[in-house]
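Here are a few friendly notes to read alongside the model. I start with the ligand site and then turn to the rings and the backbone.

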Amino acid sequence: MEEHISYILNDLGEHREKYFNAMSPPIIQTSNFVFPNVADFQAAILDELNAHIYTKGNNPTVEILRKKIAALEGTDDALLFASGTAAISMTIMHCVGQGDHVICVRHPYSWTATVLSKYLVKFGVTHDFVDGSDLKAIEALIKPNTKLLFLESPNTFTYELQDIPACVALAKKHNLLTAIDNSHASPIFQQPAKMGVDIIIHSVTKYINGHSDVVAGVVCSHQQIIDKMFIDEYMILGGILPPQEAALILRGLRTLPIRMERVQKSTMQIIARLKGHPKIKKLLYPFDPDFPQYDLARKQMSGCGGLFTIEFDLPDKDSLLKLISSIKRWKIAVSWGGHEALMLPIAALYDLPGRDNPHIPWSFVRFYVGLEEPDYLLADLLEAMDGE
Ligand SMILES: Cc1ncc(COP(=O)(O)O)c(C=O)c1O
């Protein structure tokens with residue numbers, strides 16, 4: 001039976017009787033664990049994912065977090081990594097061998113594209129990027145050596161979605177594994193395992209932690225995949241999440257649903273007031289009825305977070321960057337999902353020495369709505385947009 005979200009967030013995975021009935025779990029700050037006898041040691045060695053031998057394998061503080069995130073995603077188990085990027089790389093490496101082929105949606109998170117296009121090619125792993133809304137195009141790319149269909153829905157600049165159940169059906173027909181980067185929606189607003197996806201990944205750095213003070217990642221999947229990934233990638237590559245970080249994330253996780261609700265509500269209020277402004281050419285937000293994939297977004301997501309993108313109607317990069325510099329309450333930064341409002345002007349990434357220009361036009365700015373009062377954020381934006 002599916003656990004209630006309130007039980008997952010408050011109790012699941014916690015064994016308070018083992019630590020003085022403390023409400024909040026201790027940070028088990030240890031590298032290794034001792035055994036009273038050889039028989040117990042041998043039993044643990046045979047079940048390292050569940051026993052406590054060495055913190056590179058399983059640490060009790062990290063384990064509580066692992067069980068909670070797996071339950072939120074509706075999967076058997078999960079593995080926590082030192083970053084979302086590590087979780088993505090380990091997943092792809094897990095699914096392929098030398099000479100295999102991956103199909104990935106176009107314009108995924110930049111390091112997802114890089115691990116495929118710059119790193120795995122070293123091992124003869126090939127890939128194709130594809131418009132994820134075009135099932136025929138995906139099917140046309142499937143070859144005998146294709147092993148994985150990698151999704152990211154929505155993505156995090158232009159919010160392109162894939163029809164997740166349709167992609168899963170296609171993958172199953174051709175015996176491919178499916179993985180999805182679910183960071184945008186969070187486990188609160190989208191549970192891809194219920195739609196048949198095999199592997200669900202998050203940058204825990206974003207909403208799950210939610211306080212802009214930890215970098216972490218998670219892979220959620222069936223027990224069979226987690227067991228194998230634990231032996232094959234997790235223990236070999238060793239990119240683990242330390243217990244101190246796990247404790248911080250556990251604290252953040254307790255408020256995930258109310259943060260998501262607040263962020264969505266504020267974002268809806270802000271975009272409703274911004275739409276129609278003369279300096280805005282286009283506003284992208286999956287839960288805005290004008291969004292091209294609005295119906296699909298409503299069908300497979302129960303909510304939408306705090307990211308929206310504005311295409312400004314301005315003559316050049318300089319005028320855009322001038323507008324950005326007059327915005328004070330939204331901070332210029334990468335990432336998102338924390339307590340604070342952020343903005344990422346694509347124009348700032350243009351014409352940098354030794355760097356390719358982004359695939360996104362310079363006139364796009366991505367905004368992230370934090371936990372501030374929406375009127376406080378809106379007043380600042382409108383003042384900058386209405387100024388000279
Ligand atoms: C959609 C998405 N996936 C994955 C990542 C990578 O996460 P991390 O920064 O934790 O490595 C990011 C980071 O910005 C992201 O936006």
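Predicted model: local features only at pLDDT ≥ 70, side-chain atom pairs only at ≥ 80, totals over all residues.

1. Residues are numbered from 1 along each chain as its sequence is written, and side-chain values use heavy atoms, with hydrogens and water left out.

2. Around the ligand there are 15 residues, with Gly84, Thr85, Asp181, Thr205 and Lys206 coming nearest (near means a heavy atom within 4 Å). By class, five are nonpolar, seven polar and three charged, with Gly counted among the polar ones. Helix H4 (residues 84-95) gives the most to this shell, three residues; helices here are DSSP runs of H or I with at least four residues, and strands are E runs of at least two.

3. Polar contacts (N or O atoms within 3.5 Å) deserve a look. A backbone N or O atom of Gly84 is 2.8 Å from a ligand oxygen, and a polar side-chain atom of Lys206 is also 2.8 Å from an oxygen of the ligand. For the side chain of Trp336, the distance from an N or O atom to a ligand oxygen is 3.5 Å. The protein covers 89% of the 390 Å² of accessible area that the ligand has on its own (Shrake-Rupley, 1.4 Å probe).

4. Trp336 also forms an aromatic pair with Tyr207, edge-to-face at 5.3 Å centre to centre and 70 degrees between planes (centres within 6.5 Å; planes over 60 degrees apart for edge-to-face). These two residues are 129 apart in the chain.

5. Finally, the loop between strand E4 (146-152) and helix H7 (164-173) holds Pro154, joined to Ser153 by a cis peptide bond with omega about -10 degrees. Tyr159, in the loop between E4 and H7, has a positive phi of about 65 degrees.

Terms used: Polar contact = N/O pair within 3.5 Å; in protein donor to acceptor, adjacent residues only side chain to side chain. Phe/Tyr/Trp six-rings, centres within 6.5 Å; stacked < 30°, edge-to-face > 60°.
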